[in-house]
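Dear colleague,

I am passing on the structure we spoke about, which is shown just below. Please have it open while you read the notes that come after.

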Amino acid sequence: MKKKRRSIYIIIDIIAVVLSILLYGVPYYFVILNSLKDRTEAGLMNMKFPDTLHFSNYIEVLKAENYAVIRAFYNSIVITAFSLAGLVIVCSMLGFFMQRRAGTKLVEVLNFFILTGLMIPPAIVPTIWVMQSLGVYKTLRGMILVEIALQLSFGCILYRGYMASIPRELDDAALIDGCGGLRLFFSIIFPLLKPVTSTIIVISAIGIFNDFVHPLYFLPGKQNITVQTTLYQFTGMYFSQWHLLFADVVLISIPPLILFIFFNKKIVAGMVAGAIKG
Amino acid sequence: MLSEKHKKIYSPWFILPGGLIYFIFFLLPTLSSLFFSMTWWTLDKWEFIGFENFTDFFSEASLNISIKNTLIYAVLTSGMKVIFGLLLGVFLSSPAIKARNYLRSVLFFPNLLSTLAVGIAFQSLMHPTRGVINTALGYLGIKGPDWLGNTRLALYSVALVDIWKGVGMATVIYISGLASIPAQYYEAAIVDGGNTFDKFRYITLPLIRPARNSVIILSFIGGLRTFDLIMVMTKGGPGFSTHTMSYVIYKLYTNSLYGLSTAGNVIMFIFIAVLAFPLYKFITRTEVEL
């Protein structure tokens, strides 16, 4: 009886793995394979293995449009790095305040705004209008500030949740030693937030790097291209050059893949926590 | 009650930097959209026209179809993620499944991929004559449909890709919810002579509610806001068949109809406020009852 059961489970296991390869493995294989074919072969969109592998497609796509993809990687990395730095500082402070002063009217109001920020998408044209009046429309600075504003809710929720595990006795001790609020926060509390800080960095990095909608609206212009907008431009330009399009797809999927390999558990746990506590 | 000293170290100044950025770049545009949605607007100057933009939005076929499409899309994708996520979550929580860690990773990974990249891949996989999907169906003797070219099918095809990409997120939320159900409950059920189905029906289903609610809210709002996939896979076509609200907002924006585009934004806010906030309230209440 037990043996029979075990063999049933092995069969189920095998079926599940085969299905996962069909549903999830095939699309990846298809894209990578076709990114290595020449133009005509890739246009056929099939899964046949080509006679020669054209790794030069990757060089070609990097050179395309006057090195647009390299420019795009530079811009995306700048936006992501500065947004993350801003997010970590701003959200940790907010989370600290919101957890320590929980229950007050002010925090209730903040909670409401956090929820609003999670649910409601930004109003497109009014945001452009605000950015224009401040002179940051079509600038990386402006894009960074918008990304911080839009990712802020998620970061706050995670910091607020984690703060609860940091004992208030620490604050009291600091008070007795004559520590001010800022010093207490930056030299004692903030270093203790490291685990959640790294979670937020990894998850927001992926979110900002993969963001397409907001750069499309708030960062137009050739010089301002980001990795996701290169993809969009190439779909228009290279409609018949699937090999280059797929090469670009593979290139821009590498950073999230690397993060996933190293931080798999952290990413899953952080995203689940953000979803449940939101 | 906090002492004065504590109030001083937990100073409201901590809110300032974040609050300022949030206010200027999110709240201010959101609030001003309420006004600009009632104007004829060129960014330099505006003219107040009352509710005209809204009546246009609801009366013009090319615009109001987007409301219908968005609702179909949101209900369909979130419904499927709720169901498949639960089934996969239960399946992948079973210790008897040896490959469960591998399967979880495989299901989850697409969440981290760029939506645009996924859209491009599926656009070619769904090619009506040469695409891999229809070629495979052809081997089985089935004539595959024109996934993205058929006006009646296109929206559902895009929704399918959305589910492909997002079901892993739903699954891991369910898995974490399942892990928090105490094992004693199941043991008690076995003592009482319950079978597998009883355990699922009377223990898992009621206790998984908080996780399910998170899945509903997350995927429903995601569905209402959907944009990237539509942009890259169908560009709203064929005809108006995949015009969703966020796509229409974009189209009006590129046509410099800023007031009307902003009205679209406001309608979307109202939808989310009317549908998602009460859902959230209702859901947090049912959690308390448990």
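Predicted model: local features only at pLDDT ≥ 70, side-chain atom pairs only at ≥ 80, totals over all residues.

Chain B as a whole

Chain B is built with 14 helices and 2 strands, and its C-alpha trace extends over about 75 × 75 × 30 Å along the principal axes. Of its 290 residues, 53% count as buried. When the contacts within chain B that have a separation of 6 or more are considered, 65% of them are accounted for by residues 24 or more positions apart.

The interface with chain A

On the side of chain B, 83 residues are in contact with 95 residues of chain A, and the area buried between the two chains comes to about 8,000 Å², with carbon and sulfur atoms giving 77% of that area. Three residues, B:Tyr10, B:Phe14 and B:Phe25, together supply 11% of the area that chain B buries against chain A, which is more than any other three residues supply. Helix H2 of chain B, covering residues 16-36, gives the most to the side that touches chain A, with 14 residues. Sorted by class, that side of chain B has 59 nonpolar, 17 polar and 7 charged residues. As for specific pairings across the interface, the rule finds 0 salt bridges, whereas it does find 15 residue pairs in polar contact, both partners being at pLDDT 80 or more.

Helix H11 of chain B

Helix H11 of chain B runs over residues 209-224, and its 16 residues reach 22 Å from the first C-alpha to the last, close to the 22 Å expected at 1.5 Å a residue. Several of its residues are buried, among them B:Ala211, B:Asn213, B:Ser214, B:Val215, B:Ile217 and B:Phe220, and also B:Gly223 and B:Leu224 towards the end of the helix.

From B:Thr129 to B:Phe271 the distance in space is 39 Å, C-alpha to C-alpha, and the two are 142 residues apart in sequence.

With best regards

Notes. Residues numbered from 1 in each chain as written. Chains lettered and ligands numbered in written order. Heavy atoms only, no water. Contact = heavy atoms within 4.5 Å. Buried area = accessible area lost by both parts, 1.4 Å probe. Salt bridge = Lys/Arg side-chain N within 4 Å of Asp/Glu carboxyl O. Polar contact = N/O pair within 3.5 Å; in protein donor to acceptor, adjacent residues only side chain to side chain. Helix = DSSP H or I, 4+ residues; strand = E, 2+ residues; numbered from the N terminus. Nonpolar A, V, L, I, M, F, W, Y, C, P; charged D, E, K, R; others polar. Expected span 1.5 Å × (residues − 1). Buried < 20%, exposed > 50% of the residue type's maximum accessible area, 1.4 Å probe, protein only.
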